[in-house]
Amino acid sequence: MRRRTPPPPSPLPQRDGVDPVRLRLPAHGPWTTVREHLIERLSGAGPGVVEALFADGRVVGADGRPVAPDAPYEPGRYVWFHRDLPTEVPVPFPLEVRYRDEHIVVADKPHFLATTPRGSHITETALARLRRELGVPALSAAHRLDRLTAGLVLFTVRPGERGAYQTLFRDRLVHKEYEAVAPYAPGLALPRTVRSRIVKERGVLTAREVEGEPNAVSHVELLGHRPGPGSGLGRYRLVPGTGQTHQLRVHMTALGVPILGDPLYPEVTAPGPAGDFRRPLQLLARTLAFTDPLTGREHRFHSERALTAWTSYEDWAAGQ
């Protein structure tokens, strides 16, 4: 099998911790110029966006020189540019580094902060923040947490080593433990292991359980309960055996104890305004443990964050 030739290095530096966009022109197509292809490929960016990129000389080739608007189409050619970044409301919570060595960084992510740039969350992401704050432009995420979930995330320092750590997650060699606050159900027999088949369709906000061979496994146990609304509140330990999208949130809902603050389960609620950081989802990636594939060191990390609905339900309910 022929090895794929890696792309050339980017001629553009990062901006605010965000990489430039890299595009490779397809091998076949009807376009006669680079500009024609970008107008079609970036049609969702809005009218005049591509023209402005070329007019400002912001589309460059591998040599770092601006690509002319009438430059002929060359199959396989790479071009780079920085997209116009959206205005983002800063997430007003600290991003703590729990561990750092020459290979990895383990960060304790707050609620509402996305792990990596995507959609309308670009500079206000854990990856972009850490690149800026640590001065490590090559930093990459080895896995992701949902934007609404807080807790531990593993990042790699050197691009050539990222695959070794991603393989740990792929092969389920990373032990992960979560904590959640949800209603207390006296009749719910715990601990138990939940197994079901979960599907997540593109363009649909929520995942759902369907009939079929299980592809999602979660161990659920009750750590404690106390008085509160309804039958009270429970603090739960959740250990995923698989990594399906929204798996823990789906399984807790199926058990009749949906996680507090969840805007998707059991029902989708209207999104709040930008900058609304009240009532965070009460789900925390508490523990991350693995054997380092490069050093052989045994790692076990713990988040120091607290779930506010458990420590002070009144403050959480009031949105403080």
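**Close-up views of a predicted model**

By the grid rule used here, the count comes to one cavity of 30 Å³ or more. This is a predicted model, in which local features need pLDDT of at least 70 and side-chain atom pairs count only at pLDDT 80 or more, while totals for chains, interfaces and linings use all residues. Residues are numbered from 1 along each chain as its sequence is written, and side-chain values use heavy atoms, with hydrogens and water left out.

**View 1. The largest cavity and its lining.** About 30 Å³ of space lies in this cavity. On a 1 Å grid over the protein atoms alone, a cavity is a set of points where a 1.4 Å probe fits but cannot get out; a pocket is an open set with protein on both sides within 12 Å along at least five of seven lines; lining residues have an atom within 4 Å of a point. Grid points are joined across faces, edges and corners, and the volume is the space filled by probe spheres set on them. Arg15, Val18, Asp19, Pro20, Val21, Phe81, His82, Arg83 and Leu85 line the largest cavity. By class, five are nonpolar, one is polar and three are charged. Ala, Val, Leu, Ile, Met, Phe, Trp, Tyr, Cys and Pro count as nonpolar, Asp, Glu, Lys and Arg as charged, and the others, Gly among them, as polar.

**View 2. Strand 1 beside strand 2.** The two strands run antiparallel and are joined by four bridges; strands pair if DSSP finds at least two bridges between them. Helices (H or I, at least four residues) and strands (E, at least two) are DSSP runs, numbered from the N terminus. Val21 stands opposite Phe81 in strand 2. From strand 2 (residues 78-81), Tyr78 and Trp80 point one way, Val79 and Phe81 the other way, and all are buried. Buried means under 20% relative accessible area, exposed over 50%, and partly exposed in between (1.4 Å probe, protein chains only). In a regular strand the side chains alternate between the two faces of the sheet.

**View 3. The second largest pocket.** Its volume is about 740 Å³. Of the 28 residues that line this pocket, Asp19, Leu127, Arg131, Ser140 and Arg162 lie nearest its centre. Strand 1 (21-24), helix 3 (126-134), strand 5 (140-141) and helix 4 (162-170) each give two or more residues to the lining. The lining has 16 nonpolar, six polar and six charged residues.

**View 4. Helix 5 and what covers it.** Six of the eight residues of helix 5 (residues 247-254) are buried, namely Gln247, Leu248, Arg249, Val250, His251 and Met252. Their cover includes strand 7 (175-183), strand 10 (216-226) and strand 12 (283-291), with contact taken as heavy atoms within 4.5 Å. Just after helix 5, Gly256 takes a positive phi of about 90 degrees.

View 5. Most residues other than glycine have a negative phi, and most peptide bonds are trans. Phe112 is buried, with a relative accessible area of 9%.
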